[in-house]
Amino acid sequence: MSPAPPFPVVGEAMTEQQMERRRRAATRHALVLGLVAVSVFLGFIAWTLVHRG
Amino acid sequence: MTTAVAHEAHHDGPARGLSRWLFTTNHKDIGTLYLLFSLLMFFVGGSMAMIIRAELFQPGLQFVNPAFFNQLTTMHALVMIFGAVMPAFVGLANWLIPMMIGAPDMALPRMNNWSFWILPFAFALLLSTLFMPGGGPAGGWTLYPPLSLQTGAAFPFVIFAIHLMGISSIMGAINVIVTVLNMRAPGMTLMKMPLFVWTWLITAYLLIAVMPVLAGSVTMLLTDKFFGTSFFNAAGGGDPVLFQHIFWFFGHPEVYIMILPAFGIISAIIPTFARKPLFGYSSMVYATASIAFLSFLVWAHHMFTVGIPVAGELFFMYATMLIAVPTGVKVFNWVATMWRGSMTFETPMLFAIAFVILFTIGGFSGLMLAMAPADFQYHDTYFVVAHFHYVLVPGAVFAIMAAVYYWLPKWTGNMYDEKLGKLHFWLSAISVNVLFFPMHFLGLAGMPRRIPDYSVQFAGFNELASIGGFAFGLSQLIFLYVVIKTIRGGAKATDQVWEGAHGLEWTLPSPPPYHSFQTAPEIK
């Protein structure tokens, strides 16, 4: 077995534009996931309110 | 080409003193904070376990009164689940995910800082309830009403503490998902990601799906107690069993939240020390996803004895048994990876092998509990205590310890003391079985959970379990010593550390630079 790591580190640095695009995508994903969490929280309380009897 | 690297070069390094830790947005610093916090909580929760085992050493009341005993069992569970196991996995995720996918840091570093710093406040609040009038919560970590509503002044503080823990977990999970989906190096496709990253990605989705459910259920408890609602109050038209349904809809996926990252750790360690690639990588990914999916369909197996319809019991019984299939695939793949490998048995590997064997024992007792008719005998007995401690201690906790031994040389740049590591392993592996195995027999003989005193017929096995407990507790001091010793110095670790280690994190120096990959590596 070769002791060498399987992934050579040979990549290029990102441009400002690429970084900005990635930043926007990350923010968008985080907002959607946060919204999902809040919806589940409120949804379960609403569901329980309807089904408690 | 203008690069972001050159732009940010002027502030590349940690701040000095306390502000480094308070205001850090660095994934390694935050990972370290999580791991240290988890270690502290492990000893706090462990001290509670020591008092519990001392009280149960022999029949009769020895050290604590029954009310305080109940507070201890409740608090031990809350501290160990939300304070020790979950933050340890988040700490590992922080340290490892950016390094494993070729990213410089987590995607949302400021939120990462908040995720951590909420936790010490949450646990200070939770632990402070022990000193409040009426004491801390004593109705068990499941907080079933109407019992939990009898908690004294502590009640709103406990609920607020749980809300804070939930917010921290959700923010941590969002960060993991966003990082994995946006920050992978070129060429690092999803199916090239290390298993630890995969298991954490799936765990993060589980967290976002179920932590709000816990938050919702405890919010309803709060409004039932203080705002006159009757969600779970039968006198007002509510239903206490509904709380159990909602709680376990959170609670069962929570069990997998505490074990899936452990599967990822074991899937990294076994190939390294067997010097073979992981057997069945893609089946491991699909098995993890299947376990996560099925975890939403089995919640009522915790409630067989409350009186749900037989059709419901059958559904939940078979759905629960179905989880054994993807779990069996995982165990098979780990064994197949070791098969005819050039195995060596350094401390991480020892913990990993013990994990495979002892977690499987916990899995088998889980299958026994999944059988609805049999569960009528086992329910609320020490058999259940034995089962979940087998999956959580030699399961989750051993995996965390394996991970610490495996990656500590990478984190610190120093090798740990192998002799002490092995001593810690053997003492832990023997004592954990002396501690938890007799609990199966106690449960089968009918000893109930959460009692400070018991009939004399249970004395022998309880004595044995307590001796095992004290030995296990003391053994963890060796772990503490080894970790401190390694942080302070030791033989220098190479970059690859382990001969058979593969993955991006091993291409970085030991210890790695403050920002892992400022230039994204390209994965062929």
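**Notes on the chain B core and a helix crossing**

1. The largest nonpolar core holds 177 residues, and B:V85 and B:A402 have the most contacts inside it. Helix 15 of chain B (residues 382-412) supplies the largest share, 23 residues. A core here is a set of buried Ala, Val, Leu, Ile, Met, Phe, Trp, Tyr and Cys residues joined through C-beta atoms within 7 Å; helices are DSSP runs of H or I, at least four residues, numbered from the N terminus.

2. Bear in mind that this is a predicted model: local features need pLDDT of at least 70, side-chain atom pairs count only at pLDDT 80 or more, and totals for chains, interfaces and linings use all residues. Residues are numbered from 1 along each chain as its sequence is written, with chains lettered from A and ligands numbered from 1 in the order in which they are written.

3. Setting aside neighbours within four places in sequence, B:A402 is in contact (C-beta atoms, placed from the backbone, within 7 Å) with B:I265, B:I269, B:P348, B:F351, B:A352 and B:F355.

4. The axes of helix 9 (residues 260-274) and helix 13 (residues 347-370) of chain B come within 9 Å and cross at roughly 120°. The contact involves B:I266, B:I269, B:I270 and B:F273 from helix 9 of chain B, and B:P348, B:M349, B:A352, B:F355 and B:V356 from helix 13 of chain B.

5. Now for B:Y514, in the segment after helix 17 (459-488) of chain B. Its C-alpha atom is separated by 9.3 Å from that of B:D105, 409 residues apart along the chain. B:Y514 counts as partly exposed because it has 15 C-beta neighbours inside 10 Å (buried is 20 or more, exposed 12 or fewer, partly exposed in between).

Note on methods: Helices (H or I, at least four residues) and strands (E, at least two) are DSSP runs, numbered from the N terminus. Two residues are in contact if their C-beta atoms, placed from the backbone, lie within 7 Å. Axes are lines fitted to C-alpha atoms, for helices over the stretch in contact, and angles run from 0 to 180 degrees between N-to-C directions.
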